[in-house]
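The notes below follow the order of my checks.

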Amino acid sequence: MNSLSRIDGVLHIEQVALPEIARTFGTPCYVYSRATLTAALQAYKEALANNNALVCYAVKANSNLAILSLFSRLGAGFDIVSRGELARVLAAGGDPGKVVFSGVGKSAAELREALSLGILCFNVESEAELDRLEQIAGGRRKPAPIALRVNPDVDPRTHPYISTGLRSNKFGIPIDRARAIYRRAAASPQLAVRGIACHIGSQLLDPEPAAEAAAKVLALVDELASDGIELSHIDLGGGMGIRYLDEQAPSASAYLAPLLAAMAGRRERLLLEPGRSLVGNAGLLLTRVEYLKPGVEKNFAIVDAAMNDLMRPALYDAYHDILPVEAAAHAALPYEIVGPVCESGDFLGHARTLAIAGGDLLAILSAGAYGMTMSSNYNSRPRAAEVLVDGTAMHLVRRRESIADLYAAESSVP
Ligand SMILES: *Cc1c(COP(=O)(O)O)cnc(C)c1O
């Protein structure tokens, strides 16, 4: 995370000391750097500068309105997967004309609403969804803009839970069946065929699988052209990986180079749907050590953040770097970093050698993507606050949930 530095031994994000954030807003607390968010989007924009392209940020990675409004003002579009995400984009001032709608299970209400708002494109994931959308668009003045999300059957060589482009996954339409479905869509007055979409998985460190998928997609686009079906855009999805530990994560320009080479000389607009790579290393989770609990086999550091705040370690066995916020003279020992939740899977890090004491602050790094958005109230724990740092300023962009919030929507038996 390049907005982090140590000044006199104290960890800062941009110009703000993390203990200051903990004092002001409490812990656990997500902290984001505006400069890093901006730089991540600019890196895409610079890599795409000479191309007809639109970056549609994948909202599910981090859907805080502050992040959406920042990206919107920087010109981004959005990739959404629900009505809730669409509402967030609009609330943040985003342009529905730059929204693509992904997801395998769009409800009729979701299709209706997105159609009324005039989104850029529906990334349709099955024939049944195409039928439903066609029916909903019937009787309206404008046809529904569609792309088929094709499944190119490419192994992204990432964690199985985050691979989406294999034949065995639930996502997309098998690429060898897409041509026939395009013909049927093109013949429908209720549907306007606009593009094609694919997204093969997440945390990809090597552009090779994405380039392989792109080649398959472009071959199909050319077949479609020979059928008289001309597409306006080609959406190659998201998936670019980031550095959590020692991964050699590519720069946006290195990752996009083979995709841009494949697109060279083509007339279609390129769409991309990055999520993690725009926000992952712009955020950290700030937490405080409640107790140290020395053990026979393992030492535990019990912190006030838990799997309900950051689920990735429990869900994917994901690694997040964990740093003490202030350097201290304690003995360095290996600790299991665990939360208060009543699950053995409630861990944030294994065997981390740290010099810490009860009451110390820890920063769990690279938590900007799939952190807050995957959080829950499990164990009736209020969700964390979120703070956006901008130079020397800190802005509370989501208040900590209160205890009353936990059951505000519930009622006792009548
Ligand atoms: C999750 C998702 C993305 C974003 O993936 P990242 O790995 O976060 O870049 C993009 N497109 C679709 C369809 C997705 O499901």
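**Cavities.** I counted two cavities of 30 Å³ or more. A cavity here is a set of points, on a 1 Å grid over the protein atoms alone, where a 1.4 Å probe fits but cannot get out; lining residues have an atom within 4 Å of a point. Grid points are joined across faces, edges and corners, and a volume is the space filled by probe spheres set on the points.

The model is predicted: local features need pLDDT of at least 70, side-chain atom pairs count only at pLDDT 80 or more, and totals for chains, interfaces and linings use all residues. Residues are numbered from 1 along each chain as its sequence is written, and side-chain values use heavy atoms, with hydrogens and water left out.

I took the largest cavity next, at about 60 Å³. It has 13 lining residues, and G237, G238, Y255, L256 and L272 lie nearest its centre. The lining splits into nine nonpolar, three polar and one charged. Nonpolar covers Ala, Val, Leu, Ile, Met, Phe, Trp, Tyr, Cys and Pro; charged covers Asp, Glu, Lys and Arg; the others, Gly among them, are polar. Helix 9 gives the most to this lining, three residues. Helices are DSSP runs (H or I, at least four residues), numbered from the N terminus.

The second largest cavity has about 40 Å³. I listed its lining as C198, H199, I200, A210, A213, L236, G238 and Y255.

**Second largest pocket.** I found about 460 Å³ of space in it. A pocket is an open set with protein on both sides within 12 Å along at least five of seven lines. Of its 23 lining residues, N2, A40, I242, S277 and N281 are the closest to its centre. Helix 2 (34-47), helix 9 (252-263) and helix 10 (276-279) each give two or more residues to the lining. Helix 2 gives the most, six. I also noted at least three lining residues from each of domain 1 (4-32 + 280-406) and domain 2 (103-272). The domain bounds come from an automatic or database assignment.

**Helix 2 against helix 9.** How do their axes cross? They come within 9 Å and cross at roughly 35°. The axes are lines fitted to C-alpha atoms over the stretch in contact, with angles from 0 to 180 degrees between N-to-C directions. A43, Y44 and A47 of helix 2 meet A252, S253, L256 and L260 of helix 9. Contact means heavy atoms within 4.5 Å.
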